Amino acid sequence: MFKVLVSDPISDLGISLLVEASDISIDKKTGLSEDELVAIIGEYDALLVRSQTRVTERIMTAGKQLKVIGRAGVGVDNIDLDAATKRGIIVINAPDGNTITTCEHTFAMMMAVARHIPQAYAKTVSGVWDRKSFLGVELRNKVLGVLGMGRIGSEVAARAKAFGMDVLGYDPFLTEERAEKMGVRKATVDDIIAEADFITVHTPLTPETRHMIGKEQFARIKKGVRIVNCARGGIVDELALVDAINAGQVAGAAFDVFEEEPPAADHPFLNHTQIIVTPHLGASTVEAQENVAIDVSEQLLHILRGEPFKNAVNMPPVAADVMNKLEPYFQLGKKLGNFAAQIAEGPVKEIAIAYAGELADVDTQPLNRQIVEGVLAHHLGSEQVNVVNALHLAKNRGVNIVVTKSNATKGFTNQISVTLRTDNEERLVAGTLLNGFGPRITQIDKFPVDVEPQGHILLISHDDKPGIIGRVGTLLGTRDVNIATMQVGRKIVGGAAIMVVGVDKGVTKAILGEIASLPDLNNAKEVHLY
Ligand SMILES: NC(=O)C1=CN([C@@H]2O[C@H](COP(=O)(O)OP(=O)(O)OC[C@H]3O[C@@H](n4cnc5c(N)ncnc54)[C@H](O)[C@@H]3O)[C@@H](O)[C@H]2O)C=CC1
Ligand SMILES: O=C(O)C(=O)COP(=O)(O)O
């Protein structure tokens, strides 16, 4: 049974997938302090949050069972990603589910600031019928500057076109071609500062975007501009904005987000007649909350159950077509790594991965991680290692990872070979994915074999002489060990050989010792693959 803690308000309908899962138990405890979370997090496998819960390193250290943190939304700036990666805690978000909702909120804010809706509402309900103070402006024919043309920025730009606005877009990844397709003029920040009547920001908060519109920009900004921020507090310098409004340079601002949330009671935005605010409501619609909760719950279930999952935030993104090609190899890769780790003696210095055939043309990063995870899981325990922290742990331990690729097929359409170099020796295990038959080990050290990588496997090295198979079979039989499969491999007649014996249950060290001391047998090891 996996225990999931939901620590922010998340749609019940969205998490019904988790509620109904027989292997999941859910606790909802919102509004907890860091201390309160630290006190209880130890018993949970997963934590589900929105933007309120600050998931600190302290919480993760106390979360001994924590495998995954799910963010029902986009921004993960409330989660210490480095701390999560170090611990192998997978962080996932739901980046698509609230795009339209946040875009629509941006428009609501833009129109509200253009027409003074909140101010006019407040006056009207207070009993004052004032039709003079709230002269607004149209959006039509105005220049809209969009900083950050990602998911939300692009949707805002598309809707602005329908309002008859002239849209300037800036994003480091905005190509001329895409801008043209969207009917947007590709611009620089300076162009936007100089020309825009409305500016809306849709970037994450990074060292680069922090105070992207600050004192210096306000000094040059087009007089009468209105500024909207439904992205992250801090992209626009709050104090510089207040100064620019008071100086008559900026006509108004609409902010959904603050540098510190909630803002202090004396925050200069809160009583300013030209600034309208909402309490981080960008993603707060029924639809968006359902969408993000569904997305994140699905991923969370996959991760807890050990199934393949979509991109995690603390792992490099992988294109869907690449993932489709690689996923079938994940199990094979992990098993090869684990097999090699079980037979190699001494501390691992290098993991050399060689891809041949159809894998040579694919970006194998995600598969490399699986292989390294397989190797390290043997030494560090499978609880400690996963695809998120595998490379980090290897680097920390000074383990060199070398990846080579070759188009040569070596008789198989695809082949992965994993060579472990330790202080004592070098061991190789190679395998392939056989169409219709699944993963197979095709080579151990220099010996060709054909072994299904699962269950208990005895790896016996011996001299290629008559009678060996019988001796091993008899010994195992007398020790009540049933043989399921048996393979022998040799390079030359009468030379060194190996025997790979699949057995129905694990054998003791004593039995391995007995096998190794039979005549003409050199060594016996047991490998256990899950
Ligand atoms: N107010 C709210 O409740 C919500 C806020 N958000 C926030 O909105 C922001 C945008 O979200 P999405 O569009 O989904 O993200 P996204 O990742 O699709 O788009 C962000 C864009 O910003 C661009 N960018 C990064 N650095 C930049 C720079 N220095 N200058 C210009 N552009 C830069 C990126 O290239 C990317 O295209 C995020 O900060 C997110 O956390 C998202 C949902 C709800
Ligand atoms: O998705 C985001 O980035 C948001 O800012 C939405 O935050 P929330 O889930 O409403 O606390």
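The model is predicted: local features need pLDDT of at least 70 and side-chain atom pairs count only at pLDDT 80 or more, while totals for chains, interfaces and linings use all residues. Residues are numbered from 1 along each chain as its sequence is written, and chains are lettered from A and ligands numbered from 1 in the order in which they are written.

**Domains**

- The protein chain is assigned domain 1 (2-97 + 287-304), domain 2 (99-277), domain 3 (318-452) and domain 4 (454-530); such bounds come from an automatic or database domain assignment.
- Between the C-alpha centres of domain 2 and domain 3 there are 50 Å.

**Around ligand 1**

- There are 32 residues around ligand 1, and G75, G148, G150, I152 and G282 come nearest; a residue is near a molecule if its C-beta atom, placed from the backbone, lies within 6 Å of it.
- The largest share, three residues, comes from α7.
- Domain 1 and domain 2 each supply at least three residues to the shell around ligand 1.
- By class, the shell around ligand 1 holds 13 nonpolar, 14 polar and five charged residues; Ala, Val, Leu, Ile, Met, Phe, Trp, Tyr, Cys and Pro count as nonpolar, Asp, Glu, Lys and Arg as charged, and the others, Gly among them, as polar.

**Around ligand 2**

- The residues surrounding ligand 2 are R50, S51, G73, V74, G75, N98, H280, G282, A283 and S284.
- Two of them are nonpolar, seven polar and one charged.

**Helix α5**

- α5 has 17 residues and reaches 24 Å from its first C-alpha to its last, close to the 24 Å expected; the expected span is 1.5 Å times one less than the number of residues.
- Its buried residues include T99, C103, H105 and M109; buried means 20 or more other C-beta atoms within 10 Å of a residue's own, exposed 12 or fewer, and partly exposed in between, with C-beta atoms placed from the backbone.
- After α5 comes H116, with a positive phi near 55 degrees.

**Helix α15**

- Helix α15 (residues 365-380) should span 22 Å, and its end C-alpha atoms are 21 Å apart, which agrees.
- Because 13 of its 16 residues are buried, α15 is largely enclosed by the rest of the structure.
- G381 follows α15 and has a positive phi, near 95 degrees.

**Loop residue D12**

- D12 sits in the loop between β1 (2-6) and α1 (16-20).
- D12 is partly exposed, with 13 other C-beta atoms within 10 Å.
- D12 and A72 are 60 residues apart in sequence and 12 Å apart in space, C-alpha to C-alpha.

Methods: Helices (H or I, at least four residues) and strands (E, at least two) are DSSP runs, numbered from the N terminus.
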